[in-house]
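Thanks, everyone. I'll keep this short. Please have the viewer open.

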Amino acid sequence: MSVHGQVKVRTSAEQKAARERERAEKLHLYLSEYENILTNRQTADPLVLLKSTENVLSEHPDCFTLWNVRREALLKIEHEQEKDLLEKELSVTQRCLQSNPKSYSCWYQRQWCLKQLREKFNVNLYKNELGLCKKYLELDERNFHCWAYRYYLLEQLCPPTSSSDLEPFFDQELEFLHATIGRNLSNYSAWHYRSKYLDKLLDHCPTRRSAVLSLEWELVLNAVYTDCWDQAAWFYLRWLLFKQLGSEAISEDKHIKPLEELDEVEPRNRWCMLALCQLWKEKKVRDEKRKCYLEQLANEIDCDRAQFYRDQI
Amino acid sequence: MLEGLPREYDVIVVGTGMVESILGAACARIGKSVLHIDINDYYGSEWASFSLDALMEWAQKQETAEINIDPQDEHEKIVPISNPKDVCRNVHLKWNIPETTEETETTEENASKPMTLDVLKKQSRKFNIDLTPKLYYASGGLIDLLVQSNVAKYCEFKLVSRLLLERNGQLENVPSSRADIFNSNDISLIDKRLLMKVIMNCSSMSIDDLNEDRNLPFIDYLKKQKLNDKLCHLILNSISMVDYTATTKEGFIKAKRYLDSIGRYGNSPFLFPLYGNGEMTQAFCRLCAVFGGIQFLRFPLAAFTLNSSTNQCTGIVATTGERFHVKDAVICNHAYTKSISESQNTIHRIVLLTNQSIKASEKEEITYLRLSSPDETGIHVIEVGYGPGCAPDGLFLLYLFAEKSQTHAGDNTDKIIERLLELTGDHLTRTNILGQFTFDQIETIGLPPSSIDKLFLTHGPDGTIDHDAAVITARNLFHEIYPNGEEFLARAPDPEDIIIEDSSNTDDTSTTNTENEAL
């Protein structure tokens, strides 16, 4: 290389040493700050505590004790300042979530803040929170913390049973979940919450039952045909058949036949075989074949769960 | 102007096409002294991108004068160069819009004033028109090389957001991911399963698992998997992107690469460079310069010099008679030698400038479409617009070219355009085509290597959609020139790992830090 100064590149050993030094420094800083906060926990001014814990938490968001300190501090502060500080708390957790979007403490803290603000219920606040959830789900659609938080928010925003807005509210959420599944049909959380909302919708509007379940069946059948190895869709399928439709509503033509066809194209698929065995049992048909499949599953295909299959024979 | 330029080098690279630029960078990277020249006043050779003005200038072929250089002594032999621009023939630029607006135009009609060439020329710099448009597989040779060598930091890319295929006389989206297939309303449940099965196999099976099937024509293998005609065509044309004559092995390898590429940077397997393909050659030239290579455009090159007794290339000579010597190699594009007259294969390239996309969309798209049928070779169609910085807002560049070169120079421009217009229907018609630019590129891949020692000939582009050939040739030539296990384009160090130790020149305060900053 033809440059005037001597240019040297760090070797991997030197790189490692540099990294070690950095880490040691960071650790030292963290420990001393932590000590400091704990010693002054009871005596220091709440606002000071909030400031110092904020610094540490933005880099180390999973420190439970420091979040406890923050909650204590916030509760000590007088009422007028409380609302503003709680809203500011939300932005603090947001910064912390950026370094770890799956931090139990951060999500818990957000929920805690909303609960504290409950007396001053603000629809916009909840709508903003929903927007935040959407963003985090876009980053990682399987962030179960975010899903659970979203569910909590929707519970709060849910119109009362008497309201005419309730049905569209459920329908809207089901649309959202449909789109999520459309992007990635392995999303177990999406299927799971879909089952919850479907339940609620059908409880509220029992007249729509057969139409809705018919569409659901088409959706989940589409999913298992597209990817017959993805368990999320199969779990939903079995829930739909046995917990929603029930024995009476299951038809050989509509439900059993398509799965039998799938089985022909994809033999030895444990999910399909299991679903069929359970269906055949419900409708009391193809007993011999059922027993044969269960034996196969227990002995060859899914031996880890052999007893589970044998129990069903 | 050549005074002050050193005369001795390890390597001289002639031409700034893709293969040459990669090689120049690779040689500079291992510490060799490199002189990288081009007789043009732009980078890229046949791979260059042009603004509208530059393209119009390029379209006017200039003849170069005959150069006569005498050997300086009885040991030297002179091999004059050919005009490298000869590699592109039959250049035609046709406009379907008036040159200027009529002076009698009233101001109320401003809203519906037709586009004129004047207006386009004013926006010349917003155009980046590729002579050789290509796409980049996210898991392909060139992207891997860009990432490995860190040249990637000199360029930016966008995803090719829309992949189309021809179905029922229309243009439709290609379903290739699980989500696409799940959401499709056109495919029956059983067909979805069969299609997914084949796709999963292409991704997960190795070529060895194919056994006897590997030499079967791919179309027959697909039929064996019980896929109907429509789905066979989907996989063959839009996922593997091979012709109907391809073997299963070929189809598999390409399908694998397509499927592996989806998801690496987004929901599409292809990337397209911001500001056009010409940026790529410049990125490699930049790396060459950072590692000490000298770049010289508009170099007045006359000929190569040979040692007549050893038949070894010793360097180059400028029209002024100044000679530049090499120790290891002169790397040069075939286009500079007389050998191109031996090649008969040409790639016919068509560029249409339109004011309407081939298919409506709510957002900016980069579109790729492959047209084919059982008895013809694939035709690539790439559309770019404002998004990747290749055209002004509202205008589009539509590139069309056949994958396999033709031996006969028959002009099927109109036939290809007609084929496309049939599919676009009312959305895009002839009136939307503002300009048409066509030329023939002589294919120099497959021409024999030079018989002169230390003279290494590279080649120009082919009709494929990717850069594989260029990367493979560059790597092979590099190992031929430096066969002692030198690393090909090793990763450049990250800035924070560089320690600058001041040498003992305490009086030299004018250290050139620009090179370090450029790193």
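B:Leu159 has B:Leu271 as its bridge partner in strand 11 of chain B. Before I go on, the ground rules. This is a predicted model, where local features need pLDDT of at least 70, side-chain atom pairs count only at pLDDT 80 or more, and totals for chains, interfaces and linings use all residues. Residues are numbered from 1 along each chain as its sequence is written, chains are lettered from A and ligands numbered from 1 in the order in which they are written, and side-chain values use heavy atoms, with hydrogens and water left out.

Helices (H or I, at least four residues) and strands (E, at least two) are DSSP runs, numbered from the N terminus. Strands pair if DSSP finds at least two bridges between them.

Back to strand 11 of chain B, residues 270-273. Strand 8 of chain B, residues 157-159, pairs with strand 11 in the antiparallel sense over three bridges. Strand 7 of chain B, residues 136-137, also runs antiparallel to strand 11, joined by two bridges. There, B:Tyr137 has B:Phe270 as its partner.

Where do the side chains of strand 11 of chain B point? B:Phe270 and B:Phe272 go one way, B:Leu271 and B:Pro273 the other, and all are buried. Buried means under 20% relative accessible area, exposed over 50%, partly exposed in between (1.4 Å probe, protein chains only).

Next, helix 11 of chain B, residues 413-424. Its twelve residues reach 17 Å from first C-alpha to last, close to the 16 Å expected at 1.5 Å a residue. That expected span is 1.5 Å times one less than the number of residues. Buried residues here include B:Ile416, B:Leu420 and B:Leu423. Down the axis, the buried residues of helix 11 of chain B fall within an arc of 160 degrees, so they line one face. The arc is taken from the directions from helix axis to C-beta atoms. The face turned away from the buried side of helix 11 of chain B carries exposed B:Lys415 and B:Glu422. B:Gly425 follows the helix, with a positive phi near 55 degrees.

B:Asp10 is buried at 14%, while B:Lys327 is exposed at 52%.
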